[in-house]
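Here is a short report on one protein model. Please look over the sequence and the structure first.

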Amino acid sequence: MRIRSLGVIDDAVVELSPGFTAVTGETGAGKTMVVTSLGLLLGGRADPALVRIGSKSAVVEGRIAVPAGAPAALRAEEAGAELEDGALLISRTISAEGRSRAHLGGRSVPVGLLGELADDLVAVHGQTDQQGLLRPARQRQALDRYAGDAVAAPLAKYEAAYGRLRAVTAELDELTTRARERAQEADLLRFGLDEIAAAEPRPGEDAELAAEAERLGHAEALASAASTGHRGLAGDPEDPEGVDAATLVAGAHRALEAVRSHDPALAALADRIGEIGILLSDVAGELAGYADDLDADPLRLAAVEERRAALAHLTRKYGEDIAGVLDWAERSAGRLTELEGDDDRIGELTAERDALRGELSELAQILTDARSEAAKRFADAVTAELAELAMPHARVSFDVRQTADPDGIEVGGRAVAFGATGVDEVELLLAPHPGAPPRPIAKGASGGELSRVMLAVEVVFAGSDPVPTYLFDEVDAGVGGKAAVEVGRRLARLAKSAQVVVVTHLPQVAAFADRHLVVEKTHEGSVTRSGVLAMEGEDRVRELSRMLAGQEDSELARAHAEELLEAARVSARRGGRPA
């Protein structure tokens, strides 16, 4: 990796061994930034506070070997990335303003893609992970992960059935607890639909009746106006001397017709006047018919007003007009059908709920059996690891238990509480020495013991779910003396099958590394390229002496450092076993 302007690091190159790499250095020198850098390359959250003061951005670049055909390689190629000599080039840039960019194999990619690749490339274990594993919920997740498909397959079915049961139960509760409100709603809908059905409104009837009422209410005025108009156009039979429009237009037409042959323009005007005469005759006839047909019956007007009042009663309650009333009736009829079908729906849901609870009971039993079997294998494997970490008499076990609940599901002949992951409560127990009762690891282990238990758990995970690289960030906290030597020896054995990177403060652990990197701080408080040094020969002895006694030139410390290195070399020749 190359790290630039990240935290206290100005510019540094970190060359990691294919086997076991130990990273050491004084407190505050920037060891943690090595872990942070790898996290950024694997899609970790970008915090602008990580950008070195005075820099515009921080950049981390890394080269990760990925075998052709591996899932990570295939996913990268799908994203358009190119592998270079069997390796992926990854870079991550964080600006001081908080913007983040990621590049993979020469292509700009979403940061989320790096996170997708991370699970197949690197497993990161730190003190935060250890604290998380103290919680029973995380221990259950760890056990499920260790069990593999034996738990994953039935758990997927269980989760689907559990989700459906929650939905069915919620709908049932809604139907039953709101039964009274729904009955009241149904009664109101029936009343409204009965009112509308009794009135039998027609689409557009309100507008038609309004027009008729307007006409009937002014029948006398309308008849008088029509008669006056007719007399003006066609004359009054009772007044033979009167002048009307039709007579005047007819006279004008005759006058023009008499001379039309002398001028085509005048002939055209004569034709137009003739058309006016025909139109006047038509209008006069329609006015006469209108006046004769006009119904001034007060009984009809009363009937129309009564009908309009009935329709207005509906529009006040159910819609702005009759169209709105009819639309309300259509929607309400559908809703009423739905409400009246609630009893049938309740029966269907009750039957489905009972079937789902039965299915969950069967799946929960399968999960319990699978977890119990995996718990024994997992506990035995962790106990064996502890024997190699200077805890030969410690015993680890899992408590897989259920809680009685009369409203739960039946598993193993009794009703027990159940949740989204089954009925099991899982807790990791430790008996540190013979005769000691098993207790939860958070209560039954000292700080040094807890670190070794967590390391043993992680090593067991490494065997069941291997990845190419493991990063341990000070997981040896609280460990010292012989236990620290055993931790280093176990990490060295893990490094025979994977790349292992350990950030540590223990010389007993660092002595087992194939490559020992020291992060040094300059007087300016930054780490430069030359500040990340590979320790070899005399330099490595001096660094181990510093870690042992705080004095690089102490003869006793140097002798102890050389002894540690020799013990590590002997152990390596013996396949990781102590001399």
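Predicted model: local features only at pLDDT ≥ 70, side-chain atom pairs only at ≥ 80, totals over all residues.

Residues are numbered from 1 along each chain as its sequence is written, and side-chain values use heavy atoms, with hydrogens and water left out.

**Sheet**

Six strands form an open sheet in the order S2-S1-S4-S5-S6-S7, with antiparallel pairing. Strands (E, at least two residues) and helices (H or I, at least four) are DSSP runs, numbered from the N terminus. Two strands pair if DSSP finds at least two bridges between them. Strand S2 (9–13) and strand S7 (107–109) stand at the edges. Each has a single partner strand, so one side of each is left without a neighbour in the sheet. From one strand to the next, the twist averages 20°.

Strand S6 (residues 100–104) pairs with S7 over three bridges, in the antiparallel sense. Ser 108 in S7 is the bridge partner of His 103.

Helix H1 (residues 31–41) lies across strand S1 (2–6), S2, strand S4 (57–65) and strand S5 (87–95). H1 runs at about 105° to S1. Axes are lines fitted to C-alpha atoms, for helices over the stretch in contact (heavy atoms within 4.5 Å). Angles run from 0 to 180 degrees between N-to-C directions.

**Aromatic pairs**

The structure holds five aromatic pairs. Rings of Phe, Tyr and Trp (its six-membered ring) pair if their centres lie within 6.5 Å; planes under 30 degrees apart count as stacked, over 60 as edge-to-face and the rest as tilted. Two of the pairs are tabulated.

| Pair | Centre to centre | Between planes | Type |
|---|---|---|---|
| Tyr 146 – Phe 378 | 4.6 Å | 75° | edge-to-face |
| Tyr 158 – Tyr 162 | 6.2 Å | 10° | stacked |

Tyr 146 sits in helix H5 (residues 136–147) and Phe 378 in helix H14 (residues 342–387), 232 residues apart, so the pair links distant parts of the chain. Both Tyr 146 and Phe 378 are buried (under 20% relative accessible area; exposed is over 50%, partly exposed in between; 1.4 Å probe, protein chains only). Tyr 146, Phe 378 and Phe 398 form one aromatic cluster.

Tyr 158 and Tyr 162 are four residues apart in helix H6 (residues 149–177), so about one helical turn separates them. Tyr 158 counts as buried at 0% relative accessibility. Tyr 162 is buried too, with a relative accessible area of 15%.
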